[in-house]
Number of protein chains: 2
Amino acid sequence: MLSKKSKYALKAMMVLAKEYGQGPVLISDMAQREGIPRKFLELILLELKNQGLLQSKKGKGGGYFLGREPRAISVGHIVRVLDGPIAPLPCVSKTAYMRCRECRDERSCGIRIVMKEVRDATAKIMDSTSLEDMLKRVEAVVTGNESLSFAI
Amino acid sequence: MLSKKSKYALKAMMVLAKEYGQGPVLISDMAQREGIPRKFLELILLELKNQGLLQSKKGKGGGYFLGREPRAISVGHIVRVLDGPIAPLPCVSKTAYMRCRECRDERSCGIRIVMKEVRDATAKIMDSTSLEDMLKRVEAVVTGNESLSFAI
DNA sequence: AGATTAGTCTAGTCATCTAATAGGATAGAT
DNA sequence: ATCTATCCTATTAGATGACTAGACTAATCT
C-alpha cells in the first residue's frame, strides 16, 4: 500500500507539472487545491526538495517548482523518496536489497521468484511513467479520447 | 511491502504443498524448518484455516494440511487473507474499494490510472500463481532446468 | 478413564510507523 | 525593516506489526 505521504506527493507533483514553467507555486495553494493538510505537505515537499526533485524560492513570490522537466520525473522516483523501496520483499529489492535471515537458499525460494516478478512488473510501470505521461492520460480522459490513456 | 505474516504464511503453505497427501504436518515442524516463531505461526495458520485454505486435526498424529490441491491455492489468496487488499490505493481495489476523500473526479485522476495498472499487474501475477506453480519453479531451479521457471 | 498430544482462543506487550500539528528560525522581496 | 514564505526540529495520538503467555478444548493412546 502507498502511504498518504506518497499519494499527497504525487498529487502535489502533478500540480507542479501542470504549472511547469510558470513560476513557483505556494504550498498553501497546493494544499487547498488537493485537500492536503498544509503542514504535512510542507514536510513532504521538503523531502522531495532534499532529494533533488524540487526547487524552491523563499519570500514573496516564492514557492515550489519542479527541479526538471515533467517528462524527466517518474512516479517510481517520487514513491521511493517517500515510501522507500518498491519491492514487496527486501530480498528482491534492487535499491535496498537485504537477504531474509531465515532463508537457507535464496536462489531456490519460490516465494522470492514470484515476488521478484511482482517487483519487476511494478517497477516497470512506475519507472516508465513520468509526470508528463500522467498529465497526458488525464487530458485524454477529460477530452474523451481515452485510447491515448493506454498508449504508454 | 508484504508483512512477515504473509511471508511466513507462504512459507508454511509451501511446506504443506510439498507434503500434500501425506497426512498432517505439525506447527512446530513448519516453524522449525522455516525459522518462524512458533506461536506467531499458530495465529497465522489459524487465520488461514478460518478462511478455508487449511484444515487441521487435533491430538496425536494431528497437525495442519491443505484444504484443497496445491494447484487450487493461489499466492494472491494467501496474501489477501493475511495482508488484506493487494491494491496500492483503496480507490483501485476490487476487493476493498473506497474512494479518496479528497478526490474531486476519480475518473480523471492520473495517479489512480497508474496505480490501477500496478494493481492489475500485481494481481495478475499473484492470482495466476499457485502453490503448485511455485513448487515447480523451485524444482526447476534445483535441477538446473531454469527455462521452466519462466513458463507460467 | 486418564495422560499425553496438539490445535484453539483471548489477551497483552513492546517497538515502530503513520499522519499529522506546533512553533520558531531563516532567507528573500520590497 | 517588514512582510512573506519556506526551513527545520520536536512532539504526539493512534494504529500497526511482530510477537509472547497461558489457559482451554479436542483427539488419541495406554
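This is a predicted model: local features need pLDDT of at least 70, side-chain atom pairs count only at pLDDT 80 or more; totals for chains, interfaces and linings use all residues.
Along the principal axes, the C-alpha atoms of chain A fill a box of roughly 60 × 40 × 25 Å.

Me: What makes Leu53(A) count as buried?

Reply: A residue is called buried if 20 or more other C-beta atoms lie within 10 Å of its own. Leu53(A) has 22 C-beta neighbours inside 10 Å, and therefore counts as buried. Its place is in the loop between α3 and β1 of chain A. Beyond the neighbours within four places in sequence, Leu53(A) is in contact with Leu48(A), Gly67(A), Ile73(A), His77(A), Ile78(A) and Val81(A). In chain A as a whole, buried residues make up 36% of the 152 residues.

Me: How do you know that the length of α1(A) agrees with what its 15 residues should span?

Reply: The expected span is 1.5 Å times one less than the number of residues. For the 15 residues of α1(A) this gives 21 Å, and because the end C-alpha atoms are 21 Å apart, the two values agree.

Me: Which residues of α1(A) are buried, and what covers them?

Reply: The buried residues of α1(A) are Ser6(A), Lys7(A), Tyr8(A), Ala9(A), Leu10(A), Lys11(A), Ala12(A), Met13(A), Met14(A) and Leu16(A). What covers them includes, from chain A, α2 (27-34), α3, β2, α4 (75-83) and α6, together with α5 (110-128) of chain B.

Me: Why are β1 and β2 of chain A said to pair?

Reply: Two strands pair if there are at least two bridges between them. Strand β1 (residues 54-57) and strand β2 (residues 63-66) of chain A are joined by four bridges, in the antiparallel sense. Gln55(A) stands opposite Phe65(A) in β2(A). The two strands form a hairpin with five residues between them, and Gly59(A) in the turn has a positive phi of about 75°.

Me: How many bridges join the corresponding strands of chain B, and which way do they run?

Reply: Four bridges join strand β1 (residues 54-57) of chain B to β2(B), and the strands run antiparallel. Ser56(B) has Tyr64(B) in β2(B) as its bridge partner. Here too a hairpin is formed with five residues between the strands, and Gly59(B) in the turn has a positive phi of about 70°.

Me: What makes up the side of chain A that touches chain B?

Reply: The contact takes 32 residues from chain A and 32 residues from chain B. On the side of chain A, at least two residues each are supplied by α1, α5 (110-128) and α6 (131-143), and the largest share, ten residues, comes from α5(A). By class, this side of chain A divides into 19 nonpolar, six polar and seven charged residues.

Me: Which residues come nearest to DNA strand C?

Reply: A residue is near a strand if its C-beta atom lies within 6 Å of it. There are 23 residues around DNA strand C, and Ser3(A), Pro37(A), Lys39(A), Gly59(A) and Gly63(B) come nearest. The elements giving two or more residues to this surface are α1 (4-18) and α3 (38-50) of chain A, together with α3 (38-50) and β2 (63-66) of chain B. Seven of the residues near DNA strand C are nonpolar, seven polar and nine charged.

Me: What surrounds DNA strand D, and which element gives the largest share of that surface?

Reply: DNA strand D is surrounded by 25 residues, of which the closest are Ser56(A), Ser3(B), Pro37(B), Lys39(B) and Gly59(B). Two or more residues come from each of α3 and β2 of chain A and α1 (4-18) and α3 of chain B. The largest share, four residues, comes from α3(A). The residues of the surface near DNA strand D divide into eight nonpolar, seven polar and ten charged.

Technical notes:
Residues are numbered from 1 along each chain as its sequence is written. Chains are lettered from A and ligands numbered from 1 in the order in which they are written. Ala, Val, Leu, Ile, Met, Phe, Trp, Tyr, Cys and Pro count as nonpolar, Asp, Glu, Lys and Arg as charged, and the others, Gly among them, as polar. Two residues are in contact if their C-beta atoms, placed from the backbone, lie within 7 Å. A residue is buried if 20 or more other C-beta atoms lie within 10 Å of its own, exposed if 12 or fewer, and partly exposed in between; C-beta atoms are placed from the backbone.
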